[in-house]
Amino acid sequence: MSEREKEIIETFAKAISKMDDFEKGRFLGRAEGMAEARDLARENECAVAS
């Protein structure tokens, strides 16, 4: 893991600790949505390359 990635994770950890449960849920939902979109894009890349 790069130093930049470590800094980003530390920043997220600090911000999340200050959020209420609703904000944490929104953050988690957004992150899950981004991960799902990334996975779909990778699947589409593999389908096109085949």
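A salt bridge is taken here as a side-chain nitrogen of Lys or Arg lying within 4 Å of a carboxyl oxygen of Asp or Glu. The structure is a predicted model, in which local features need pLDDT of at least 70 and side-chain atom pairs count only at pLDDT 80 or more, while totals for chains, interfaces and linings use all residues. Residues are numbered from 1 along each chain as its sequence is written, and side-chain values use heavy atoms, with hydrogens and water left out.

Side chains of opposite charge can pair when their charged atoms come close.

Helices are DSSP runs of H or I with at least four residues, numbered from the N terminus, and helix H1 covers residues 3–17. Within helix H1, Lys6 and Glu3 are three residues apart and are therefore separated by about one helical turn; their salt bridge has a closest N to O distance of 3.7 Å. Lys6 is partly exposed, with a relative accessible area of 37%, whereas Glu3, at 55%, is exposed. Arg4 and Glu7 also form a salt bridge, at 3.5 Å from N to O, and because these residues lie three positions apart in helix H1, about one helical turn separates them. Of this pair, Arg4 is exposed at 55%, and Glu7 is partly exposed at 41%.

Helix H2 spans residues 21–49 and includes Gly25, a residue that counts as partly exposed at 40% relative accessibility. Although Gly25 and Met1 are 24 residues apart along the chain, their C-alpha atoms are separated by 26 Å. Phe27 is also found in helix H2 and, at 32% relative accessibility, is partly exposed. When neighbours within four places in sequence are left aside, Phe27 is in contact with Phe12, Ile16 and Met19, contact being defined as heavy atoms within 4.5 Å.

Note on methods. Helices (H or I, at least four residues) and strands (E, at least two) are DSSP runs, numbered from the N terminus. Buried means under 20% relative accessible area, exposed over 50%, partly exposed in between (1.4 Å probe, protein chains only).
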